[in-house]
Amino acid sequence: MFNSPFFTYFWRFAGAFSVRSKIMGIVVALALLLGVGITVQVRAVFLYTLEERLQEQGVSVARDVAARATDMILVNDLFALYQLLEETRNNNPDLRYAFVVGQDGSVLAHTFGVGFPTELIEQNVPRGDDHHQTILLETDEGPVWDTAVPIFDGRAGYARVGFSENSIQTSIARLTSQIVLTTVLVSAIGIVAAAGLTWIVTRPILQLKEAAEAVGQRDFSQRLDPWANDEIGQLTTAFNRMTVELAQAEQERAEREQLRSQLLEKVIAAQEEERRRIARELHDETGQALTSLMVRLQMMNELCANPELKTQVEGLRQLAAQTLEGVHNLSVELRPSVLDDLGLTAALERYIQEYRRHTAVEVDLVVLGLEERLPAPMETALYRIVQESLTNIARHAQAETASVLLERRPDRVRAIIEDDGVGFDPLAANNGERLGLYGMRERAELLNGQLTIESSPGQGATIYIEVPL
Amino acid sequence: MRNEGRRTRDERNERPLFLLIVALFLLVGCGRPTETAVVNLSDLRPLAEPEATTVKPLRVAVAAIISPRGTVDSYTPLLEYLQQELDRPVELVQRRTYGEINDLIEAGEIDLAFVCTSAYVVGKREFDMQLLLAPRVQGDTVYYSLLIVPADSPAQNMEDLRGAIFAFTDPISTSGRNYPVWLVQQMGETPESFFSRTFHTYSHDDVIRAVANRVADGAAVDSLVYAFALEREPELAAQTRVIHQSPPFGIPPVVVNPDARPQLMAELRDVLLAMPHNPAGRAALQAAGIDDFVPIEDEAYDSVRTLETAVNLAVSD
């Protein structure tokens, strides 16, 4: 029933109005309905009662006239009859007319003065054994209740009296206007009261709505005063409990987040330190060892006369040279000392130079305004992000060209890495890729920066990094 | 299919609402008979004069010895009998006083009249009202004036009614006015000095009711009417008491106007005299409280004349 098309239509209609309009509408509609209903009903009952009384009055007066007219008619005292009718008319303001018809059908006396509306006679002719006969006559002056009573069992004719409904109509009109006036007054009072009530009822609802919107904006400090212990008051209390719990949860989350980033920062710092140490170790210890090994092998080669041995030594020296290069590369890969020594620009130039050598991707580096060194954690982070991005491009993008833009603004540093590869859906990247992207983002966020990826399949990819100074 | 089912259900839901609205309108409209004749009450026209009847009705007057309604009840069968026997319409004419009837008879407006004794005496003297017949009641053509008082009244005779309220019938009634006035005059008084207050009821049955209901402390009444009234309203017997009866007077006669055609008089006489000889006539006589009709002579009313003269002389003194 509640999901019938009728109700759907009803809710679409009712839902288009605010609660205030609805309450006001209900009050006004109720007042109107009540007013109209009462007016109609009271009018009907009043009319019915008054008409009944008018009919009873008509019968009573007609019978009185008939009883008193009997002797007058029998002794032909027409003047007394006329006086009787006049007296009757004077005593009954609603009496429109009275007349007496003799046994032969002629009018013996009447209250019309000069002349008589002759068509009236035939309208209501009683039989001799009737107690009375009442009909409703439509006249040019409005409805008239016409009562006929036989005189002396009809042997002396009959008496007719007509009572006009005009006074009833006047009373009804007066009553109706009174009721309508009362209805309007009561409605006006009701509307004012309803307006006040609506304000009282909807104020907490509107406050709740505003507070809920604030909570939506992650403002969990909202607390409302529950005005009353009604449903809305209970809702307010529940809302307050919810914001308290949300605030607590938010605080816990923020603390966890802070711990996590601190931990991450430490992990990354430790990792970098470890890399730096290993790189230095490789460079200083292993590199030195390999270099002296090569020098010794060179000297051995010069001292050695045996050509076969000489060849063997030369092979060893070359192996040592290759291993030295491998160690060097590994060292640079782990942590280019140039990053610490000469800064981000030099490190990136060096890295891209190496990158070009190892991959088919044409990379273009543009650095603007970076004459001064940046803070070390920022340099490391930016270097690692660019490194990770270019590694990803080489692995997945099938790109021909890529470009790296690094720009220092007064208050921030911006980096843009772009490629013309196959692109990807950042939300649908597979787990490994997502982890890589996540690491990049984490690094940016540790510096209070932001990392944005714009890409879609077939459209290449652009990564924006902004870090405040 | 689903939509159709839903529509049917919605229609079913709307039907009671519709019926409710219709019922409301019916409720408002009820209580009014549907009479739709429209009459123009300001369209006043002169009333048509009664059409002149082709057959002149026989106009029969009955003096207001008893009340107009009582007269209609008592005399209607007799008039209907006359109408049938004479084969012409008969019209009953009543007036409030004896005098008005006498005037009508004198003017020739009345063909046949049942008048009271004194009205006859006056009519005979003034315009030669003609006697036709006299009714016989309880075997005789006389009646009496009875002095009546409420049943619980201590009064035993007229003397005891000094200072009382006394009701007369008609100003020229023998039994209802002249005889009691004569009684008062015998005591050297006038009605005005003897009674505290007097009034006229014009008919005899009303005077009995006046005494029965103690509107009057005493009254004089036609013995025929009294007997007839007691017969029809036995409770009156318990409420009234007769304390005095007058000498006999000639019974109220049946008369015709002085210019009545002899043929009509003969015809009327024949019809009235023949009444006891057929059932319809007997029933009509019984309703009027009459045994039959008999011829009567003017001398029968001499005692009435004597009384009237005595009373009028006393009044003119």
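Tutor: Phe166(B) has Gly218(B) as its bridge partner in β10(B). The strands concerned, β8 (residues 165-168) and β10 (residues 218-222) of chain B, run parallel and are joined by two bridges. Two strands pair if DSSP finds at least two bridges between them. The model is predicted, so local features need pLDDT of at least 70 and side-chain atom pairs count only at pLDDT 80 or more, while totals for chains, interfaces and linings use all residues. Residues are numbered from 1 along each chain as its sequence is written, and chains are lettered from A and ligands numbered from 1 in the order in which they are written.

The two strands belong to an open sheet of five strands in chain B, in the order β9-β8-β10-β7-β11 with mixed pairing. β9 and β11 (240-245) of chain B are the edge strands; each has a single partner strand, so each has one side without a neighbour in the sheet. From one strand to the next the twist averages 30 degrees. Helix α5 (residues 174-186) of chain B packs on the sheet and touches β7 (145-150), β8 and β10 of chain B, its direction making about 125 degrees with that of β10(B). Helix α7 (residues 204-212) of chain B also packs on the sheet, touching β7, β8, β10 and β11 of chain B, at about 150 degrees to the direction of β10(B). Such angles run from 0 to 180 degrees between N-to-C directions, with axes fitted to C-alpha atoms, for helices over the stretch in contact.

Phe199(B) counts as partly exposed because it has 14 C-beta neighbours inside 10 Å. The scale is as follows: 20 or more other C-beta atoms within 10 Å make a residue buried, 12 or fewer make it exposed, and anything in between is partly exposed, with C-beta atoms placed from the backbone. Asp170(B) is 29 residues from Phe199(B) in sequence, and their C-alpha atoms are 9.6 Å apart.

Next comes the nonpolar core, meaning a set of buried Ala, Val, Leu, Ile, Met, Phe, Trp, Tyr and Cys residues joined through C-beta atoms within 7 Å. In the largest one, of 116 residues, the members that touch the most others are Ala69(A), Ala159(A), Ala63(B), Val115(B), Val211(B) and Ala219(B). The element giving the most to this core is α2(A), with ten residues. Apart from neighbours within four places in sequence, Val211(B) is in contact with Ile148(B), Val149(B), Pro150(B), Ala167(B), Ala216(B), Gly218(B), Ala219(B) and Thr240(B). Contact means that the C-beta atoms of two residues, placed from the backbone, lie within 7 Å.

Chain B also touches chain A. The contact takes 35 residues from chain A and 28 residues from chain B. On the chain B side, the elements giving two or more residues are α1 (2-29), β1 (38-39) and α2 (68-86) of chain B. α1(B) gives the most to that side, with four residues. Strand β3 (residues 133-139) of chain A runs parallel to β1(B), with two bridges joining them. One partner pair here is Glu138(A) with Val38(B) in β1(B).

The axes of α2 (residues 19-74) of chain A and α2(B) come within 8 Å and cross at roughly 65 degrees. Thr70(A), Asp71(A) and Leu74(A) of α2(A) make the contact with Pro68(B), Arg69(B) and Val72(B) of α2(B).

One residue in the loop between α2 and β3 (90-93) of chain B is Asp87(B). Its phi is positive, about 55 degrees, although Asp87(B) is not a glycine. Most residues other than glycine have a negative phi. Asp87(B) is exposed, with 7 other C-beta atoms within 10 Å.
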